[in-house]
Amino acid sequence: MLFAAGANKHEAILDTLTLTPFERRYRQATLDLLFHNTRVHTHLDWHETSQWLDTPNIPTRLAWQNQRLIGILAASVPMEGTCWLRLIGLADNVAGTPLIRALWADLGEVLREMQVYTVALLIINDWLADYAPALGFAYNEDIVTLRREGYDLPERHKSGVTLRVAGYEDLARLVTVDQSAFKAPWQLSEEDLRQARRIATSCTVALKDQWIVGYQLSTLYRQSGHLARLAVLPEMQGSGVGGALLDDLIRRFLKRGVRSVTVNTQSTNLRSQRLYQRYGFERNGYDLPVWVATP
């Protein structure tokens, strides 16, 4: 597909773009573009970009000028009509606005064919905020980060559940719990959870009558722990399951001498924030805005 586009005198001129899907033979050119340029965005998830590019059927568009790759725009695999803009790369010496608009228009056609109705974008880098409005994205909410330090813990509440370490045979049930507990685009796919389980320092499940009703998954970097996921079936929320998982996790970290733990949650998820605050978590001011658009 061809697009005509212009640029100002301070930037290289975009005469004609050729837009193509991603193919395996373009893998190295894509990695080179992402490595050598500054306007690059990768979504915060469990996959390295080099690994993620090998995922089949990901919605991706590449922009070429004179057989040189100058742009990429890719979405995550859609779930329930929603996806993330997972990967953006723009060559530094090219006018960004016409380039990303052309990529977005072409990717939008692909997403509409896949019945995607909402696309979310996590604004990690400041430069993204300059381009997002031109693509129709608008602010939706924030992801907030909370941190706790020290050894103090509140009194344990009875939850009626038992806890154990998760096994790989539990994966299918974890997917069910996760996708019941969260709405799109916050759900994890089976492949996301499989990869997260590989990387996790700790993954435990809560059982009610021998049935998994919740789980937590956390990581450890040096002497700081991070609660990466806490999910409880909707019908069990508010019954102490999340607190039991959180309490057990913090105690596991403390046994390893880890006193600092962080967690992310949505600014609109007040129930989770109340739970974390009860355990001494406080917002640390590191918030990331989430913008959404219709393709």
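Student: How many disulfides does the count come to by the rule used here?

Tutor: A disulfide is a pair of cysteine sulfur atoms within 2.5 Å, and by this rule the count is 0. The model is predicted, so local features need pLDDT of at least 70 and side-chain atom pairs count only at pLDDT 80 or more, while totals for chains, interfaces and linings use all residues. Residues are numbered from 1 along each chain as its sequence is written, and side-chain values use heavy atoms, with hydrogens and water left out.

Student: Is Cys83 buried or exposed?

Tutor: Relative accessible area decides this: buried means under 20%, exposed over 50%, and partly exposed in between, with a 1.4 Å probe and protein chains only. Cys83 has a relative accessible area of 1% and is buried. Cys203, at 4%, is buried too.

Student: Which residues have the most contacts inside the largest nonpolar core?

Tutor: A nonpolar core is a set of buried Ala, Val, Leu, Ile, Met, Phe, Trp, Tyr and Cys residues joined through side-chain atoms within 4.5 Å. The largest one has 50 residues, and those with the most contacts inside it are Tyr215, Val241, Leu246, Tyr276 and Phe281. Helix 7, residues 241-255, gives the most to this core, with 8 residues. Apart from it lies another core of 45 residues, which include Trp64, Val94, Trp127 and Ala293.

Student: What span should helix 7 have?

Tutor: The expected span is 1.5 Å times one less than the number of residues. For the 15 residues of helix 7 that gives 21 Å, and its end C-alpha atoms are 21 Å apart, which agrees. After helix 7 comes Gly257, with a positive phi near 80°.

Student: Which side chain does Asp248 join in a polar contact?

Tutor: A polar contact is a pair of N or O atoms within 3.5 Å; within protein, one must be able to donate a hydrogen and the other to accept it, and residues adjacent in sequence count only if both atoms are side-chain atoms. The side chain of Asp248 joins that of Arg252 at 2.7 Å. Asp248 lies in helix 7 and is buried, with a relative accessible area of 17%. Not counting residues up to four places away in sequence, Asp248 touches Leu163 and Thr204.

Student: How many salt bridges does a search of the whole structure find?

Tutor: Side chains of opposite charge can pair when their charged atoms come close. A salt bridge is a side-chain nitrogen of Lys or Arg within 4 Å of a carboxyl oxygen of Asp or Glu, and the search finds 14. One of them joins Arg24 and Asp54 at 2.3 Å, N to O. Arg24 is in the loop between strand 2 (16-21) and helix 1 (27-36), and Asp54 in the loop between helix 2 (49-52) and strand 4 (60-65), so the pair ties together parts 30 residues apart in sequence.

Student: Which residues are linked with Arg24 in a network of salt bridges?

Tutor: Arg27 and Asp54 are linked with Arg24 in that network. Arg27 meets Asp54 at 3.1 Å, N to O. Arg24 is exposed at 57%, Asp54 partly exposed at 41%, and Arg27 buried at 19%.

Note on methods. Helix = DSSP H or I, 4+ residues; strand = E, 2+ residues; numbered from the N terminus. Contact = heavy atoms within 4.5 Å.
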